[in-house]
Amino acid sequence: MTGYLNRIGAGKILINKEPLSFDWTPDSLVGRDNELGEIASMFSHIENHNSSCRAVITGPVGSGKTVLTSRFGEDLVKYLDGKRKIVLAHVNCRNHPSTSQVLQRIALILDSGHPERGLSSGEIIQSIRRNLLSHNSHLILVLDEVDILVRRDNFDLIYKLLRIDESQERQGSLSLILVSQDSMLLKLFEPAIISRLGASNILELKPYTQKGLTEIAKQRADIACRSGSINEKILEKIGMMAADSGDARLAIELLEASIRRAESAGRGEVLIGDLEQSITRVTSIEPSQVDGLSKDQKLIMLGLCRRLKKESEINTGDAEKLYRLVCEEYETKPKSYTTFWKHLKFLENQGLIETRGGKSNIGRGRTQHITMNNVAPANLASRIEIDLQR
Ligand SMILES: Nc1ncnc2c1ncn2[C@@H]1O[C@H](COP(=O)(O)OP(=O)(O)OP(=O)(O)O)[C@@H](O)[C@H]1O
Ligand SMILES: [Mg+2]
């Protein structure tokens, strides 16, 4: 009965799963030497103990913004070893969308005993500064997906952080890297902020080309898989399939799905057919189909896409929670569960999502699992985000 379980971790192809996780940071990035060089030049004074640096990084979904800041941060810490003590804090504003949540997160990274509540943002900022001074450390703060924070709480926190050392004796407490998909965001910055960030400290990442995506898939395959289990043709096809979006996450996802299919068929080699099963997922629904949805349906889809670009399925309870979070982000009152449910069924009828488990007329309490097999969630998410910002 349980013989099928033997296939889990049989490892006919995979020897190391870790490189297929989206959060894994490779030792070297594929094709981003110039971009790393550009950030390095924005940080050219970082060795100087009184200096603070700034960078703004924008680029479409899966263009490597997050991994670029992680790679740069880790490399810099090593490079400055013995010269300047650096603390890295990478805060994703999607998970910490308000000023107080971001500050709380930074304070906790610096000091795990930081009191949870009861301090104003000004007080937390000064306590962060004191902590850095007392340890003679410099903070490199990455505010990832910063547009979410700005949309919710305006530029107040960024402004305060940029002025953290103003009228203080010692300078150089923190360097700031702002990351956003949305390059329009920069146009909203107030002149005072632009002048403090430095108008030339902006790096715009381009989407990956077919060749770049093939190389990204190859880098992962070389580390994750037995040699000879995935040939060049497969990797080239992955590049081709992900090229429309230019999204590295899609290339990695296609690689992972094809390995999974080959292994569960008991093979030690990935065949083109393993990959082709993903073609419907990449192409069979026109992304423009989401343009015709109502605002609530778009908000629901956005919540689903964000989770499904990282995981293969989501249950209805989580889907509703994500919908509420997205509503908060876009300052919209969420609809009742019944309405949410009706919209889900509509999306299913449109072929945008599939559900399994339970009957279709279920209410709260019975869980269904939602997947997106006909469409790449990452592409849809960015399309909906752009649409909602109009
Ligand atoms: N140049 C690269 N070399 C190797 N891996 C890369 C490269 N660029 C991106 N990746 C990988 O692709 C995936 C997506 O990249 P990342 O998360 O950095 O994109 P992003 O631009 O931050 O996307 P989003 O806008 O959705 O936040 C990650 O797993 C990342 O490690
Ligand atoms: Mg990112």
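Q: Which residues of H3 are buried?

A: A residue counts as buried if 20 or more other C-beta atoms, placed from the backbone, lie within 10 Å of its own. In H3 the buried residues are Thr 99, Val 102, Leu 103, Gln 104, Ile 106 and Ala 107. This is a predicted model, in which local features need pLDDT of at least 70 and side-chain atom pairs count only at pLDDT 80 or more, while totals for chains, interfaces and linings use all residues. Residues are numbered from 1 along each chain as its sequence is written, and chains are lettered from A and ligands numbered from 1 in the order in which they are written.

Q: What covers the buried residues of H3?

A: Contact is defined by C-beta atoms, placed from the backbone, that lie within 7 Å. The cover includes strand E2 (85-92), helix H4 (121-134), strand E3 (137-144), helix H5 (146-153) and helix H6 (156-162); helices (H or I, at least four residues) and strands (E, at least two) are DSSP runs, numbered from the N terminus.

Q: How is the order of strands in a sheet read?

A: Two strands pair if DSSP finds at least two bridges between them. Here an open sheet of three strands runs E6-E8-E7 with antiparallel pairing, and its edge strands, E6 (314-315) and E7 (354-356), each pair on one side only. Between E6 and E8 (residues 369-371) there are two bridges, and Ile 314 stands opposite Ile 370 in E8.

Q: Into which domains is the protein divided?

A: Bounds come from an automatic or database domain assignment, which gives domain 1 (2-13 + 208-283), domain 2 (33-204) and domain 3 (287-389). The centres of domain 2 and domain 3, taken over C-alpha atoms, are 32 Å apart.

Key: A residue is buried if 20 or more other C-beta atoms lie within 10 Å of its own, exposed if 12 or fewer, and partly exposed in between; C-beta atoms are placed from the backbone. Two residues are in contact if their C-beta atoms, placed from the backbone, lie within 7 Å.
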